[in-house]
Amino acid sequence: MSAAATTTTAVQLTVETPEQMQDLGHRLAAVLRAGDLVLLTGALGAGKTTLARGLGAGLGVRGAVTSPTFVIARVHPSVSGGPPLVHVDAYRLGGGLEEMEDLDLDVSLPESVVVVEWGEGKVEELAEDRLHVVIERRTGAAGAAEGPDAAEAADEPDVRHVTLTGVGERWAHGALAALARA
Ligand SMILES: Nc1ncnc2c1ncn2[C@@H]1O[C@H](COP(=O)(O)OP(=O)(O)OP(=O)(O)O)[C@@H](O)[C@H]1O
Ligand SMILES: [Mg+2]
């Protein structure tokens, strides 16, 4: 592995509502460009698709970004000459890459922004660099129900803690700085 591939930069944010999560996606879209790979990690209902919806809006792509229940990947072409958004739900993708290639997407991944839910450990090889977005919901965490945080957690069921970690040269030069300024 080259030194560049291990370069990481991180930004942490608190996202209080679904609207704020979409807004984060919108702002992230302004940072993204063709060839970028974004991995969305978080439990069921964490807000991965909500973030992807904001991304689609920010990129100005056609078609509603929804949970791809019956398909693994959906291509949303740009309506403004920008890169298409390829939205992948890798939940049922066992092996990862080979199955991705079998999807026979009618689009070139290096010319697209590729966003993958449940992609961690499966699709990293699609691009040299990548952005990991981890969405955590700290309510209901083990022990919290009886701990001193229980009341606080119950009061804030919508709060999400989002960590964006850029891996590789692409993210090494302040690309995420615009997101840190809320
Ligand atoms: N702060 C928040 N950020 C994002 N979503 C929130 C927030 N608070 C509440 N929600 C709600 O949580 C749900 C998130 O659903 P979403 O489909 O985005 O999750 P997901 O991570 O894609 O789930 P899945 O693993 O099933 O694909 C939505 O109903 C949304 O309205
Ligand atoms: Mg989803």
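**Two ligands in a predicted model**

Colleague: At 11% relative accessibility, does T49 count as buried or exposed?

Modeller: The model is a predicted one. The relative accessibility of T49 is 11%, and a residue under 20% is placed in the buried class. Therefore T49 counts as buried.

Colleague: Which residues coordinate the magnesium ion, ligand 2?

Modeller: The coordinating atoms lie at 2.1 to 2.2 Å from the ion. They belong to parts of the chain 68 residues apart, one in helix α2 (residues 48–59) and the other in strand β5 (residues 113–117). The coordinating residues are T49, through OG1, and E117, through OE.

Colleague: Which helix gives the most to the shell around ligand 1?

Modeller: Ligand 1 is surrounded by 17 residues, and the closest include G45, K48 and D158. At least two residues of the shell come from each of α1 (18–31) and α2. The helix that gives the most, with 3 residues, is α2.

Colleague: How much of ligand 1 does the protein bury?

Modeller: An oxygen atom of ligand 1 is 2.9 Å from a polar backbone atom of G45, and an oxygen atom of the ligand is 3.3 Å from an N or O atom in the side chain of R160. Ligand 1 taken alone exposes 640 Å². Of that area, the protein buries 75%.

Colleague: Over the ring of which residue does the charged end of R170 sit?

Modeller: A charge counts as over a ring only within 6 Å of the ring centre. The charged end of R170 is 4.2 Å from the centre of the ring. The ring belongs to W171.

How values were computed: Residues are numbered from 1 along each chain as its sequence is written. Chains are lettered from A and ligands numbered from 1 in the order in which they are written. This is a predicted model: local features need pLDDT of at least 70, side-chain atom pairs count only at pLDDT 80 or more; totals for chains, interfaces and linings use all residues. Side-chain values use heavy atoms; hydrogens and water are left out. Donors are N, O and S atoms within 2.8 Å of the metal (3.2 Å for Na, K and Ca); water is not among the atoms, so sites may look incomplete. Helices (H or I, at least four residues) and strands (E, at least two) are DSSP runs, numbered from the N terminus. Buried means under 20% relative accessible area, exposed over 50%, partly exposed in between (1.4 Å probe, protein chains only). A charge sits over a ring if NZ of Lys or CZ of Arg is within 6 Å of the ring centre and within 35 degrees of the ring normal. A residue is near a molecule or strand if one of its heavy atoms lies within 4 Å of it. A polar contact is a pair of N or O atoms within 3.5 Å; within protein, one must be able to donate a hydrogen and the other to accept it, and residues adjacent in sequence count only if both atoms are side-chain atoms. Accessible areas come from the Shrake-Rupley method with a 1.4 Å probe; for residues, only the protein chains shown count as cover.
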